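Trainee: Hi, could you walk me through this one? I'd like to go piece by piece.
Mentor: Happy to, let's open it up together.

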Amino acid sequence: MLNAYESHLLNTYLVNIASKIGRNSPEAEDFVEWVKFDWNKFACTKNDSVNKSRNRVREFEREILRSEKRSHGKGKSVPARSFEKACQSVFAALAEKRPRPDRTARRLSQLRKATGLSALDREMLELMLRCATGQAFDSLIDDVFDRPGPRMNRLHVSGYVMSMLLGRRPRSIQSRLGADSPLVRSGLVQIDEDGDLEVPRWLHRLANEPGNDTRDIMRILFDSASASELEWSDFDHVAKHRDHIETLLKGALKSRAKGVNILLYGPPGTGKTEFCKVLAERLGVTLYAAGEADDEGFEPSRKDRQQELIVAQRLLENDKNSLLLFDEMEDLLGGALDFAAIFGANIKPGHRQGESKVFMHRLLEETPVPILWTMNNARSVSPAILRRMMFALELRKPGANIRERVWARQLQKNEIAAAPDEVRELAREFDATPALAAGATAAARIGDGGLDTVRLGVRSLSRLLGSNRPPQRAPAEFELGLIQADTDPESLADRIASTARRDFALCLQGPPGTGKSAFVRYLAERLGLEVMHKRVSDLISMWVGETEKLIAAAFAEARDTEAFLAFDEADSLLSNRRKACTSWEVSQVNEMLTWMESHPLPFACTTNLFERLDEATLRRFTFKIALDYLSPEQARFAFGKFFSLEPPAGLNLISALTPGDFTVVRKKADVLGCLGEPDTLAAMLQAECDAKPNRPKSIGFLG
């Protein structure tokens with residue numbers, strides 16, 4: 001049933017039709033029939049039982065009339081008395097007191113003010129919205145204008161039916177539906193290839209959204225972003241770029257600058273959307289998300305998202321306290337590489353493909369509201385679109401220090417007990433994104449679990465996301481005295497830490513287990529930097545040219561996050577080019593050399609096969625340190641440190657010992673339950689040395 005205002009509006013449309021047609025008009029017969037048989041079905045009345053009985057009688061009369069039509073044909077003049085009676089009925093109904101506008105009408109009035117629409121634009125928009133959301137109005141058009149031809153039986157760009165209902169001239173209607181008209185340009189009205197008119201589904205919220213809120217039209221039409229679980233400090237790993245974006249947006253909002261588009265890209269779960277939320281909170285503005293859902297809360301179409309963005313720009317044009325978020329930008333790509341061609345093609349129906357690109361470019365260049373775009377892979381976007389971004393920030397997985405803060409907050413939020421050292425170990429063990437940490441801790445809380453449950457959840461999600469790598473466990477306590485090298489490691493670390501220079505490269509070569517990676521961690525800690533370790537498996541690709549891209553990305557990530565970059569097994573990446581068999585082996589070495597020369601931060605390579613390195617590579621290393629097996633004194637010291645026992649006399653006869661050997665033997669002895677047996681431990685150390693393929697043939701020292 002219609003409310004009082006809807007009934008009045010329906011009566012207005014009926015009066016306008018009656019004023020436009022005569023009893024000889026093609027619509028006259030259907031008009032009389034609709035007034036006689038359908039009008040009261042939708043009318044606002046308090047006596048439902050009487051109304052229902054009348055409807056049953058009218059339905060019987062209608063069947064008789066239909067039978068007469070089939071016998072005598074359609075298009076003859078309607079009897080004057082029947083036509084006059086129908087017209088008198090609708091005129092009499094409209095003469096009643098005009099009711100107060102309902103919620104939908106008041107919201108449309110607010111929308112008109114916000115977008116600068118004309119009075120006729122609002123009337124046209126209301127008619128289309130009422131037809132899309134109300135059965136009575138849709139029935140009126142379908143039944144009364146039941147004529148052959150695409151323009152005669154529905155709302156069409158020709159304006160014929162709309163002019164009848166609104167009491168306007170068709171030419172006036174057509175003038176408000178041109179390509180550059182406010183209704184079409186704003187996206188409030190869509191015109192398909194046949195010229196049919198419709199309003200986007202998300203605009204149905206004006207009629208369907210519950211409550212009596214009519215003033216804040218933005219919150220009705222668009223979803224405002226919820227509060228973030230992250231904090232500003234959680235993005236310290238991109239502090240320089242983060243702070244620049246904040247400054248840029250402050251200036252843009254204050255000056256109302258046009259064409260401010262900021263792109264945030266990176267792997268899923270790295271906090272792109274959360275960054276936008278935190279940024280809006282810090283700026284003290286409202287963040288509106290365009291195209292999150294349709295009017296019924298379901299997934300919107302690509303076209304809906306596009307049109308919603310355009311309308312949001314118009315609505316926020318004069319608002320200096322709002323930002324727009326367009327999340328998951330790749331939704332609009334449809335698998336193609338040219339974002340503009342696909343985005344623009346649906347914005348203004350009837351446009352040719354070439355024009356749609358220009359339209360999209362102008363939309364970006366002239367946007368009156370700063371837009372934050374997010375996506376996973378920026379390579380899928382046309383360069384023509386990327387050039388129109390004012391700034392781009394790549395978000396990667398945060399470092400261990402930031403992960404520790406995120407883990408601590410998530411564990412506390414989900415009431416999972418964890419000591420500070422346990423939180424630190426969790427952050428170092430898993431390089432999980434903030435989103436993954438939130439999911440794993442929430443799951444543990446639901447299942448009434450603890451830290452073990454959290455670890456289980458993180459491992460399962462990491463495997464699902466294709467990052468099934470060995471966990472990055474916290475390293476064992478480092479002991480500088482267990483490094484045997486041709487350069488005093490402590491003196492070198494002291495001198496480097498005392499200077500402001502950070503643009504150096506370090507090559508550490510020596511047998512496995514001698515402490516090369518451990519020294520890199522120690523030096524990074526002295527410099528106040530986090531280590532970014534890259535394995536060969538992280539950088540080598542089967543695709544030609546992809547390895548070079550991964551190398552470049554690693555250096556860029558270290559530079560952006562101000563981390564100490566370290567490559568393990570660097571001989572695979574810096575092998576002698578004279579022995580290369582393919583061009584890609586040469587190109588990847590060249591890529592490494594180029595980045596080593598220009599990198600502004602510490603860079604280290606570790607290798608067991610120093611002799612395989614390219615000669616040109618050696619000149620790029622500021623420091624070259626050779627590590628060796630433990631001396632007898634270091635071996636005895638290591639025995640006491642790892643096992644808390646006096647070393648047996650036979651320990652001096654074992655050659656080629658490394659700190660790594662002691663780590664392995666300690667674990668083995670712990671499993672076997674013989675940690676308190678010095679001779680057994682010495683025998684295990686001897687076995688570790690005997691298993692080495694390149695161990696020294698002579699002992700070299702005696703106890």
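Trainee: In what sense do β11 and β12 pair?
Mentor: They run parallel, and the pairing covers four bridges. Keep in mind that this is a predicted model.

Trainee: Okay, and which residue of β12 does Lys-534 stand opposite?
Mentor: That would be Phe-567.

Trainee: Nice. How many aromatic pairs does the count come to?
Mentor: The count comes to 16. One of them is Phe-235 with Phe-275: the ring centres are 5.1 Å apart and the planes sit at 80°, so this pair is edge-to-face.

Trainee: Where in the chain are those two?
Mentor: They link distant parts of the chain, 40 residues apart. Phe-235 is in the loop between β3 (223-224) and α14 (239-255), while Phe-275 belongs to helix α15, residues 272-283.

Trainee: What about Phe-504 and Phe-564, how are their rings arranged?
Mentor: Their centres are 6.2 Å apart with the planes at 80°, so that pair is edge-to-face as well. Phe-504 comes from the loop between α24 (489-498) and β10 (505-509), and Phe-564 from strand β12, residues 564-567, which puts them 60 residues apart. Phe-504 is buried with a relative accessible area of 8%, and Phe-564 is buried with 0%.

Trainee: Changing topic: which ring does Arg-305 lie over?
Mentor: Arg-305 lies over the face of Phe-326, at 4.1 Å from the ring centre.

Trainee: Last one. Why is α2 largely enclosed by the rest of the structure?
Mentor: Nine of the ten residues in that helix, residues 28-37, are buried, so the rest of the structure largely encloses it.

Trainee: Which ones are buried?
Mentor: Among them are Phe-31, Trp-34 and Phe-37, and also the acidic Glu-29, Asp-30 and Glu-33. Ala-28, Val-32 and Val-35 are buried as well.

Technical notes:
Residues are numbered from 1 along each chain as its sequence is written. This is a predicted model: local features need pLDDT of at least 70, side-chain atom pairs count only at pLDDT 80 or more; totals for chains, interfaces and linings use all residues. Side-chain values use heavy atoms; hydrogens and water are left out. Buried means under 20% relative accessible area, exposed over 50%, partly exposed in between (1.4 Å probe, protein chains only). Rings of Phe, Tyr and Trp (its six-membered ring) pair if their centres lie within 6.5 Å; planes under 30 degrees apart count as stacked, over 60 as edge-to-face and the rest as tilted. A charge sits over a ring if NZ of Lys or CZ of Arg is within 6 Å of the ring centre and within 35 degrees of the ring normal. Two strands pair if DSSP finds at least two bridges between them.
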